[in-house]
Each structure stands twice: as structure tokens, then as C-alpha cells.
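Reader: I would like to go through this model with you before I set anything up. Could you show it first?

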Amino acid sequence: MAGRVIAIRAWPGIGAAAFVAALILGTLLAVALRAEAGRGLGPSEWAALRFTVSQALWSAGLSVLLAVPVARALARRRFIGRRLFISLLGAPFILPVIVAVLGLLAVFGRSGIVNSVLRWAELPEISIYGFHGVVLAHVFFNLPLATRLILQGWQQVPAERFRLAAQLGFGSKDMWRIIEAPMLRRVVPQSFAVIFALCISSFAVALTLGGGPKATTVELAIYQAFRFDFDLGRAALLSCLQLVLVGAAALLALKLSDRDGFGAGLDRPVLRWDADTAPKVALDTCVILCAAVFLLVPLSLVVLDGIAGLAQLPRQVWQAAWVSVLVSLASTGIMVALALPIAIASSSRHRWLEAVALLGIAASPLVIGTGLFLIIYPIANPFSVAFPVTALVNAVMALPFALRMLIGPVRDVVQDYGRLSGSLDIKGWAWMRLVLLPRVRAALGFSCGLTAALSIGDLGVIALFADPERATLPLQMYRLMGSYRMEAASGAALLLLCLSFGLFWAFDRGGRGHAEA
């Protein structure tokens with residue numbers, strides 16, 4: 001009995017992964033079968049492809065380039081509020097895209113702060129729309145993510161390396177050449193690949209700040225093919241292109257994440273002596289302040305403008321808010337039902353299941369939604385199930401992020417408690433309830449919070465199929481912006497911001513509650 005190990009039931013995880021693969025590939029097939037044969041890439045498709053790749057390269061490159069000095073400054077400095085600032089770096093990732101766009105418009109828009117100052121100084125104004133606006137918004141979203149990824153690289157360098165460097169009398173140039181530059185060569189390509197994949201499949205940013213013939217991404221071209229032309233062949237072809245682009249970037253990021261690091265240490269605190277001079281302290285302080293201003297000013301303006309706009313919210317906005325909460329909770333439940341079985345199965349002999357779930361990053365949610373509607377149409381009214389379809393698609397889109405957080409803790413539980421569980425004959429639901437869930441509660445709570453926040457702020461499938469009477473809060477906010485009711489849109493943005501962060505906090509706090517009791 002002492003040598004018995006718990007038997008992991010892999011079939012629920014294999015079934016969940018098969019469902020995800022069938023959903024993504026089956027909906028793509030459903031769209032392709034309805035398309036006209038013999039269609040190739042035309043000038044507009046090539047233009048969308050070139051714009052998508054170029055803006056993703058610029059966005060990822062600038063995000064990583066700007067993140068290196070910010071991460072280096074945070075790694076070298078200790079100050080009051082440092083942990084809070086690092087925590088706030090995760091905010092833009094869960095921030096609803098449409099809210100962030102409104103904040104950027106308040107700073108860089110035609111009536112924003114920057115153009116107001118330029119008009120006062122009698123200088124040429126700038127436009128946030130088009131290529132540079134899309135890149136600016138993507139940098140706003142991804143600079144914090146790149147900073148967190150690169151900062152983790154600095155934190156993973158064992159303190160013993162720094163202590164040895166101090167004993168050898170290394171200066172700042174030696175530290176850069178021997179420790180920091182090799183670490184960056186390992187971390188930066190991975191960060192670039194992750195952000196490139198996210199920028200390739202971006203939709204709401206291109207919808208609000210791009211959209212012209214010269215500023216159309218592949219995802220936006222898919223939306224236009226469905227919404228305005230109902231050209232399923234063009235949509236299917238563009239979706240295949242996007243699947244290849246994002247899939248290649250995601251697999252590259254996964255491969256780069258397996259590079260060897262500096263090895264393990266004793267987790268001692270790192271004392272940096274190589275950046276104590278006044279110019280370096282001033283430089284790091286300036287870098288941190290600039291990053292804080294760039295990230296926090298748009299959010300602050302959303303809050304300030306939204307307070308005045310709350311009183312002008314029409315009844316449809318409050319109804320849309322309730323719908324968005326229900327869709328978000330449904331997405332979270334679906335994500336848990338898919339992620340936990342896959343994480344459990346991949347913790348044993350089926351690690352390839354995680355690669356199947358990566359399809360969620362590469363797939364176009366618009367194609368999945370349209371494929372589902374084409375499948376549903378012969379048997380029911382597709383518009384009557386717009387919200388369940390939106391919840392399902394949002395859950396699949398959040399699945400890769402949830403798995404990255406769950407697989408490690410689940411694998412640790414299986415390795416640490418599998419033999420004991422087998423000896424005590426604890427299996428099935430009893431093992432889930434007594435052994436697994438209490439030990440992955442924090443990761444599961446964070447995953448649920450992330451899924452809920454991403455889902456409530458999503459402006460994807462619902463933009464195609466919602467009717468004028470029923471909509472989610474992001475779509476209702478987009479309609480207010482389109483009708484130039486900016487004060488009401490600001491109020492809706494504040495409401496959406498509060499709901500997004502509130503759901504994330506509630507789930508995350510629930511997951512960590514046992515540790516703080």
C-alpha cells in the first residue's frame with residue numbers, strides 16, 4: 001500500500017481538450033464550407049496582413065524596448081509603494097479595452113490634454129487615429145505586461161550571483177555584460193513573442209482607433225467581411241492566416257520559455273551596490289515616474305470624467321451592465337469546467353493537452369462565433385443565443401491564460417500528495433475536494449478573476465450579433481461613443497471599470513482568503 005500512487009483520470013481532460021479543438025477547428029470548417037471556392041488573397045487582404053504584422057512588430061518592439069529600463073529601475077530600487085506599483089502594472093491587462101481607449105482619447109484625442117497644450121503653444125496637433133494610434137494603445141496595454149515578464153527575469157537571478165560580483169569588484173558595465181545582458185537575451189525574446197501574439201489578434205483597439213483602409217488589421221477585416229459583406233470565403237481565409245501567425249508566435253513563446261536560466265539560489269535578498277550614484281538614482285526615478293504617468297493618467301481621467309457622466313447614463317446602460325455580469329459569470333464557470341480537467345490530465349502523461357488549449361490564443365473569436373451561428377441557424381434563431389455563445393467564446397479565449405496559472409500548482413499537488421492519496425484510497429471527487437482544490441485555491445481564484453474581468457470587458461462576438469435592444473456594457477459604451485455622447489460614455493466606462501476590477505478582486509480575494517484568515 002505504501003507504494004501505491006493515485007490514478008489520474010485523464011479522460012475528462014482529453015474530452016475537454018477535444019471539445020476546445022472541435023469548437024475552434026469545427027467552426028472554422030463551418031465557415032469555410034459556406035465560402036466560395038477558389039478565392040485567393042486580394043489587395044485588401046494583403047494590405048490588412050501587412051498592417052497587422054507591422055503594427056504587431058512595432059507594438060511588441062516598443063513595449064519590450066521601453067519595458068527594459070522600467071524593469072531595471074524597479075529591480076534596482078526599493079521605495080515606499082513599490083509593491084503597490086508593481087501590482088498596478090497588472091491592471092491594464094484586465095482593463096476593458098474600450099475603457100482604456102477612452103482614457104487614451106482623453107489624453108491624446110482631439111480635445112485631449114496633449115492637443116490642448118499644443119494648441120496653446122501654437123504647434124501642430126497630433127491624431128491618435130490610424131497606425132500610430134493602434135501602436136500607442138497596444139504599448140499602453142503591453143508595456144506593463146512586458147515589464148512584469150522582464151522584472152521576473154531580474155528576480156530569478158540568484159542573490160549569490162550578485163554577492164559574488166560584489167566580491168570580485170564588478171562595476172556597472174561588468175554587471176551588464178556578465179549578468180544582466182545574458183538574462184535579457186533569455187527573457188526579452190519570449191516577452192516579445194507573447195506580446196506579438198496578443199497584438200496580432202487585437203480587435204477592439206483597431207475597431208476604435210483604426211478602421212480605415214490603411215489601418216485595418218486581419219481581425220478587423222474578418223469583422224468587416226462578416227458584418228458588412230457577409231463574405232464567408234474572405235473571413236475563412238483571413239482566419240486561417242491569423243491562426244498561422246498567432247499560432248507560430250505562441251509556439252515560439254512556449255519554446256523560448258524553456259531556455260535555461262541562472263540556476264537556483266537560497267532566496268536571499270538582493271542588495272544592489274552598483275547603482276548608488278546620484279545620476280543613476282535620478283535616472284531610475286525618472287524612468288519609474290514616466291511609466292507611472294503614462295499608465296495612470298488615462299485611468300485617472302476615466303474616473304474623473306466618469307463621475308460626472310454617471311448621472312447621465314440611460315436605462316439601457318444599466319441593463320447592459322447586468323447582462324455583462326451574467327455573461328462574465330457564465331464564462332468563468334465554463335472556463336473552470338474546461339481548465340481543471342485539462343490541468344489534471346496534463347499533470348501526468350498528457351502534457352500535450354496544454355498545446356491544444358493554445359489554440360484559444362490563435363483563433364479568431366469572430367470566426368468561432370460565426371461558425372456557431374451557422375451551425376445553430378438550421379435548428380434555432382441564432383440571435384436568441386447570442387449571450388451564451390459570447391460566454392462560451394470568452395471562456396475559450398481566457399483558457400490559455402488560466403492553464404498557465406493552474407498547471408504548475410496542479411502538477412505540484414499530484415507529485416507531492418499523489419502517493420499519500422493513493423495509500424489512503426482517496427480518489428475521484430473526494431480527492432478533488434479534500435486534496436486538490438484547497439491547494440490550488442489561490443491560482444484558481446486568480447484564474448477566475450482574470451476570466452471574469454476579460455469577459456466583462458470583451459467587445460468581440462457580441463459586436464456582430466447583438467440586436468439594438470440587448471447588448472453588453474462594452475457594446476453599449478461603443479454605441480454611445482459612436483453617437484458622440486461622450487459624457488454618458490465616460491459614465492459607462494467608469495461603471496465598466498468598477499465591475500471589471502470588482503469581479504477580479506472578488507474572485508482573487510476568495511482564492512487567497514484561506515491564506516489570510
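Predicted model: local features only at pLDDT ≥ 70, side-chain atom pairs only at ≥ 80, totals over all residues.

Reader: What does the secondary structure of the chain come to?

Author: The chain has 23 helices and zero strands.

Reader: And what percentage of the residues is buried?

Author: Buried residues account for 53% of the 517 in the chain. The chain exposes about 23,800 Å², and carbon and sulfur atoms supply 66% of that area. Among contacts with a separation of 6 or more, 83% join residues 24 or more positions apart.

Reader: Turning to cavities, how many are there of 30 Å³ or more?

Author: The count is four cavities of 30 Å³ or more. The largest cavity holds about 810 Å³ of space. Its lining consists of 33 residues, and V97, L198, S201, L454 and D458 are the closest to its centre.

Reader: Which helix supplies the largest share of that lining of the largest cavity?

Author: Helix 18 does, with four residues. Several helices each supply at least two residues of this lining, including helix 7 (131-155), helix 9 (172-200), helix 17 and helix 20 (441-456).

Reader: How does the lining of the largest cavity divide by class?

Author: The lining has 22 nonpolar, nine polar and two charged residues.

Reader: What about the second largest cavity: which residues line it?

Author: The second largest cavity has about 50 Å³ of space. Its lining is made of S324, V327, T390, N394, S455, I456, D458, T472 and P474. By class, these are three nonpolar, five polar and one charged. Helix 14 (315-346), helix 18 and helix 20 each give at least two residues to this lining.

Reader: Is S324 buried or exposed?

Author: S324 has a relative accessible area of 2%, so this residue is buried; the cut-off for buried is under 20%. S324 lies in helix 14. Apart from residues up to four places away in sequence, S324 touches I456, T472, L473 and P474.

Reader: How many of the residues of helix 17 are buried?

Author: Eleven of the twelve are buried, so helix 17 is mostly covered. Among the buried residues are P365, L366, F373 and I376.

Reader: Which residues is E219 in contact with?

Author: Leaving aside neighbours within four places in sequence, E219 contacts S201, S202, F203, Q242, S364, P365 and L366. Two of these contacts, P365 and L366, are buried residues of helix 17. E219 itself sits in helix 11 (residues 218-229), and this residue counts as buried because its relative accessibility is 0%.

Reader: One last topic, the second largest pocket. Which residues lie nearest its centre?

Author: L102, L105, Y129, M481 and M486 lie nearest the centre, out of 24 lining residues. This pocket holds about 720 Å³ of space.

Reader: Which helix gives the most to the lining of the second largest pocket?

Author: Helix 13 gives the most, with six residues. Helix 5 (97-108), helix 13 (278-309), helix 22 (473-482) and helix 23 (486-512) each supply at least two. The lining divides into 13 nonpolar, eight polar and three charged residues.

Technical notes. Residues numbered from 1 in each chain as written. Heavy atoms only, no water. Buried < 20%, exposed > 50% of the residue type's maximum accessible area, 1.4 Å probe, protein only. Contact = heavy atoms within 4.5 Å. Areas by Shrake-Rupley, 256 points an atom, 1.4 Å probe, with all protein chains shown as cover. 1 Å grid on protein atoms, 1.4 Å probe; cavity = no way out; pocket = protein on both sides within 12 Å on 5 of 7 lines; lining within 4 Å. Points joined across faces, edges and corners; volume = space filled by probe spheres on them. Nonpolar A, V, L, I, M, F, W, Y, C, P; charged D, E, K, R; others polar.
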